[in-house]
Amino acid sequence: MEISNPRRILAVSRPDHGLLDLVKDLTGTTPTLTVDTIAGSTHNYTIETSYYTASIPIWLDEIVESNVWSTEFLAPEAREVLTVLGGFIVCFRKPLNEEGLEEIKALMKDVGEVVKEGCGYSWDGVCIAVAMPQSTTPWLEKSFEDWEDICQEFGFEFVDFEAKGRNEYSEPMGIERLKQALETNDWAGNDDDMDPASTLEELVLGDDDDEEGSLGFGIDPVEMEEEMRGMKQAIYGGGLDLEDDEKDMDNDDEVEKLQAMMLKMQAVRDMGADLPEAERKRLAAKTVSEIMKKL
């Protein structure tokens, strides 16, 4: 399957922190710059897996003052940019000292604020922080575990650009881990032909005209529970070599699962009532996908 209109990656770093080198190693080609800065440049990253192919646009940006950058990206004018993003990459050189470390933390904190506040809690993209090699010596020594903890604090997975091979759990490291994380992400955009959100939003979040207490598609929760119980009994009620009490226990378990799903659908509908349309669609698609996996 080809994803014709994929979501984008926003890759950022401070000036001269190795973002061009990272993009070159990730994509195999060097971005073409028409000016002295990489800010505002776009470079494509082609992903080919057994399940899909996509050419993901990578938007490159340089951040001098991360708090100013964060404020600009959280402004209403930047809303359209955030709605098409499926991934964030923060690139930084390993610091020389504690002061440099604090600057990296501030960068991740402010970018993380954009992810949390701008993209919303229902956003389902990927956030990666990549540490680039430091040529100046001595630099600040930090273990892989220390970096993991620092990055996770701000919502990012840590990748050490210099790492090679696999870790103790046989997981790829370095640039190969970055590629793996991107390949397993969902890149289908709202306008993609395969995107189910436009047809599932009404199913999960309902119309504004739905009566209070419904699940969002004109069915009363009690009525649906009774129908589901009857259906489950019809399926499991005969032909199985089980005692009656075991049958009842199995049926009760199934009904409880259905009740939990219905409650989740109702909760999602309530949470999505005040969200913008784009977030409502993405929340609906994500919720239905989760529910279908459990059926």
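Trainee: How far apart in helix α4 are Glu 102 and Lys 105?

Mentor: They are 3 residues apart, so about one helical turn separates them. Helices here are DSSP runs of H or I, at least four residues, and strands are runs of E, at least two, numbered from the N terminus.

Trainee: Why does that spacing matter?

Mentor: An α-helix has 3.6 residues a turn, so residues three or four places apart point the same way.

Trainee: What do Glu 102 and Lys 105 form?

Mentor: A salt bridge, with the closest N and O atoms 3.6 Å apart. The term means a side-chain nitrogen of Lys or Arg within 4 Å of a carboxyl oxygen of Asp or Glu.

Trainee: Is Glu 102 buried, exposed or partly exposed?

Mentor: Glu 102 is partly exposed, at 45% relative accessible area. Lys 105 also counts as partly exposed, at 23%. Buried is under 20%, exposed is over 50%, and partly exposed is in between, using a 1.4 Å probe and protein chains only.

Trainee: Before I go on, what kind of model is this?

Mentor: It is a predicted model: local features need pLDDT of at least 70, side-chain atom pairs count only at pLDDT 80 or more, and totals for chains, interfaces and linings use all residues. Residues are numbered from 1 along each chain as its sequence is written, and side-chain values use heavy atoms, with hydrogens and water left out.

Trainee: Back to charges. How many salt bridges does the structure hold?

Mentor: The structure holds 7. One of them joins Lys 116 and Glu 113, at 3.4 Å from N to O. Both residues sit in helix α4, 3 residues apart, about one turn. Glu 113 is partly exposed at 26% relative accessibility.

Trainee: And which residue does Arg 177 bridge to?

Mentor: To Glu 157, with the closest N and O atoms 2.6 Å apart. Arg 177 is in helix α6 and Glu 157 in strand β6, so the pair ties together parts 20 residues apart in sequence. Glu 157 is partly exposed, at 27%. Shared partners also join Lys 94, Asp 160 and Glu 162 into one salt-bridge network.

Trainee: Now Arg 14. Where is that?

Mentor: In the loop between β1 (8-13) and α1 (19-27). Arg 14 is buried but has no salt bridge. The nearest side chain of opposite charge is Glu 103, 4.7 Å away. For charge, Lys and Arg count as positive and Asp and Glu as negative; His and the chain ends are not counted.

Trainee: What does the Arg 14 side chain reach?

Mentor: The backbone oxygen of Val 64, at 2.9 Å. Leaving out residues up to four places away in sequence, Arg 14 touches Ile 63, Val 64, Ser 66, Cys 91, Glu 103 and Leu 107. Contact means heavy atoms within 4.5 Å.

Trainee: Switching to aromatics. How many pairs are there?

Mentor: There are 5 aromatic pairs. In one of them, Trp 147 and Phe 158 have ring centres 5.8 Å apart and planes at 15°, so the pair is stacked. Rings of Phe, Tyr and Trp (its six-membered ring) pair if their centres lie within 6.5 Å; planes under 30 degrees apart are stacked, over 60 edge-to-face, and the rest tilted.

Trainee: Which elements hold those two?

Mentor: Trp 147 lies in helix α5 (residues 144-153) and Phe 158 in strand β6 (residues 157-160), so the pair ties together parts 11 residues apart in sequence. Trp 147 is buried at 3%. Phe 158 is buried at 5%. Ring pairs link Phe 92, Phe 144, Trp 147 and Phe 158 into a cluster.

Trainee: Last one: which residues of helix α2 are buried?

Mentor: Ser 66, Trp 69, Ser 70 and Phe 73. Down the axis of α2 they fall within an arc of 100°, so they line one face of the helix. That arc is taken from the directions from the helix axis to the C-beta atoms. On the other side of α2, Thr 71 and Glu 72 are exposed.

Trainee: What do the buried ones pack against?

Mentor: The buried residues of α2 pack against β1, β3 (53-62), α3 (79-83) and α4 (98-119).

How values were computed
A polar contact is a pair of N or O atoms within 3.5 Å; within protein, one must be able to donate a hydrogen and the other to accept it, and residues adjacent in sequence count only if both atoms are side-chain atoms.
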